[in-house]
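Trainee: I have a new model open and would like to go through it with you. Could you take me through it slowly?

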Amino acid sequence: MLLIKILLGLIGLGVVVFVHELGHFLAARLVGIDVEAFSIGWGKPILKKKVGNVEYRLGIFPIGGYCKMRGENEFQEAYENRSNAIPQAKGTFYGVSPLRRIVVAFAGPGFNFLFTILVLSIIWGIGFEVSTLDNRIVLVSDISPGEMYPADQGGLKTGDKIIDINGNPVTNYHDIQELIATNPEKNLPVQVQRGGEVLDLMVRPDLDKSSGAGKIGVYFWSEPVISAVTGGSPADIAGLRPGDRITRINGEDFSYTVALFKILRSQPPVLSVDFEREGRPMQADLILSYTDTGAADIGVSYEHIQFHTPRLSPVGALLKGGKESWKTFVLSVKSLALLFRGIDLTQAVSGPVRITYMLGDVAAEGFGQSFGAGISSMANFLALISIALGIMNLLPLPVLDGGLIVLFIVEIIKRKPLNPKYISVFQTVGVVLIFGLMIFAVFGDILFLTRR
């Protein structure tokens with residue numbers, strides 16, 4: 001399974017990088033810059049073929065890629081030769097106007113944004129299956145007593161059904177997660193349905209410094225109806241089956257599934273489980289075993305809400321794809337801003353290893369449900385990664401596309417070519433920064449994988 005996840009992750013990441021480099025490639029050809037090589041992957045080429053003046057390559061390391069344009073590093077040669085000007089031969093990178101170079105630099109991120117719109121439009125056009133949970137909540141303080149959370153302070157109670165957050169309608173738990181996670185430390189009006197009345201409350205999500213997301217201290221409410229039983233697990237050995245509804249555990253009412261966390265905390269060796277099967281009351285004893293961390297798995301999963309989104313017309317799908325892309329863009333920018341809020345960067349910053357693993361994990365989990373769910377899960381995550389790649393590359397940092405754009409804007413303002421020395425220093429600083437960030441990200445990836 002791990003190999004499948006890695007393979008799916010590499011394929012997905014390769015697609016996103018291919019789209020980015022394709023943008024640079026097509027823009028360079030369009031503005032008159034000769035492309036010497038176009039590669040997917042880094043390192044020594046394991047496959048290469050020359051078509052016209054372009055050599056197409058497949059690198060030995062499948063993460064990343066590049067579009068090598070003629071003369072793009074001539075600033076370094078000019079600096080080493082102590083020249084005050086960069087050669088501007090026809091067909092070279094610096095042989096075209098700075099405005100055309102800006103077009104080439106922006107085209108990579110631009111293609112990532114267009115790719116996101118295209119992918120999400122296709123997904124909404126064909127429709128996809130969604131697996132989620134109800135918008136009913138359980139307070140964390142009811143499972144782990146002793147600490148007050150924003151949900152408690154705001155007056156929420158276990159069993160409340162959240163129907164609106166900050167003016168946004170809420171229909172499932174995914175909506176709650178998204179609206180809370182993207183608005184840390186902001187006062188959010190919350191409407192809840194409690195019994196037969198609707199209450200207007202206010203919560204202020206805390207900032208989770210391990211991820212940068214907002215949190216209010218709630219779990220999902222999931223009905224304790226078993227949907228699957230793992231073979232050889234305590235539940236399987238005790239005779240529990242899909243469709244059984246658990247009503248009591250060790251004499252305590254079992255109204256929602258996360259109540260099991262509280263019960264297992266005392267590490268009982270046996271769980272006395274009362275349940276209903278086709279309306280008949282039954283009882284079984286589950287013999288547990290605990291890991292070194294004190295965790296135990298009884299071997300059941302519970303029913304989720306499954307629904308298939310409607311198939312939209314081509315125009316409707318394009319509009320929806322554009323809207324969802326913009327929503328993803330805003331979410332990504334907000335997440336980037338949270339990096340400067342004192343969060344744990346080893347948790348929040350992902351390198352290529354973690355991104356590959358997460359992408360493969362999302363795809364594998366989706367395909368485990370159905371082929372359609374796998375495609376939609378992978379496509380949605382690809383869209384997120386594509387947007388993130390586009391935004392990161394537009395940051396005004398040396399080496400990145402955004403840094404190049406800044407250089408070329410300065411050149412336009414000054415109305416004369418930049419000194420190779422300044423470009424070289426700017427790019428060298430960028431290499432050091434990016435290399436340091438990559439080391440940091442990979443270190444975080446190693447910590448992430450050791451916790452798996």
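Trainee: Which residue in β8 is the bridge partner of Leu 188?

Mentor: The bridge partner of Leu 188 in β8 is Val 203. Before going on, please note that this is a predicted model, in which local features need pLDDT of at least 70 and side-chain atom pairs count only at pLDDT 80 or more, while totals for chains, interfaces and linings use all residues. Residues are numbered from 1 along each chain as its sequence is written, and side-chain values use heavy atoms, with hydrogens and water left out.

Trainee: OK, and how many bridges join β7 to β8?

Mentor: Seven bridges join β7, residues 188-194, to β8, and the two strands run antiparallel. Strands here are DSSP runs of E with at least two residues, helices are runs of H or I with at least four, and both are numbered from the N terminus; two strands pair if DSSP finds at least two bridges between them.

Trainee: What is the strand order in that sheet?

Mentor: The order is β6-β5-β7-β8, an open sheet of four strands with antiparallel pairing. Because β6 (168-169) and β8 (197-203) stand at the edges with a single partner strand each, one side of each is left without a neighbour in the sheet.

Trainee: New topic: how many helices and strands does the protein have?

Mentor: There are 14 helices and 18 strands in the protein. Of its 452 residues, 42% are buried, where buried means under 20% relative accessible area, exposed means over 50%, and partly exposed lies in between (1.4 Å probe, protein chains only).

Trainee: Is Val 140 buried or exposed?

Mentor: Val 140 is buried, with a relative accessible area of 11%, and it lies in helix α4, residues 140-143.

Trainee: Which residues does Val 140 touch?

Mentor: Leaving aside residues up to four places away in sequence, Val 140 touches Tyr 149, Gly 217, Val 218 and Tyr 219, where contact means heavy atoms within 4.5 Å. Val 140 and Val 258 are 118 residues apart along the chain, yet their C-alpha atoms are separated by 9.3 Å.

Trainee: And where is Asn 250 found?

Mentor: Asn 250 is found in the loop between β13 (245-249) and β14 (252-253), and its phi is near 50°, a positive value in a residue other than glycine. That deserves a second look because most residues other than glycine have a negative phi. Asn 250 is partly exposed, with a relative accessible area of 34%.

Trainee: What is the phi of Gln 267?

Mentor: Gln 267 has a positive phi of about 50° although it is not a glycine, and this residue lies in the loop between α8 (259-264) and β15 (270-277). Gln 267 is partly exposed, with a relative accessible area of 43%.

Trainee: Last one: which residues lie nearest the centre of the second largest pocket?

Mentor: Its lining has 15 residues, of which Thr 257, Leu 260, Phe 261, Val 300 and Tyr 302 lie nearest the centre. A pocket, on a 1 Å grid over the protein atoms alone, is an open set of points where a 1.4 Å probe fits, with protein on both sides within 12 Å along at least five of seven lines, and lining residues have an atom within 4 Å of a point. Both α8 and β17 (300-302) supply at least two residues of the lining of the second largest pocket.
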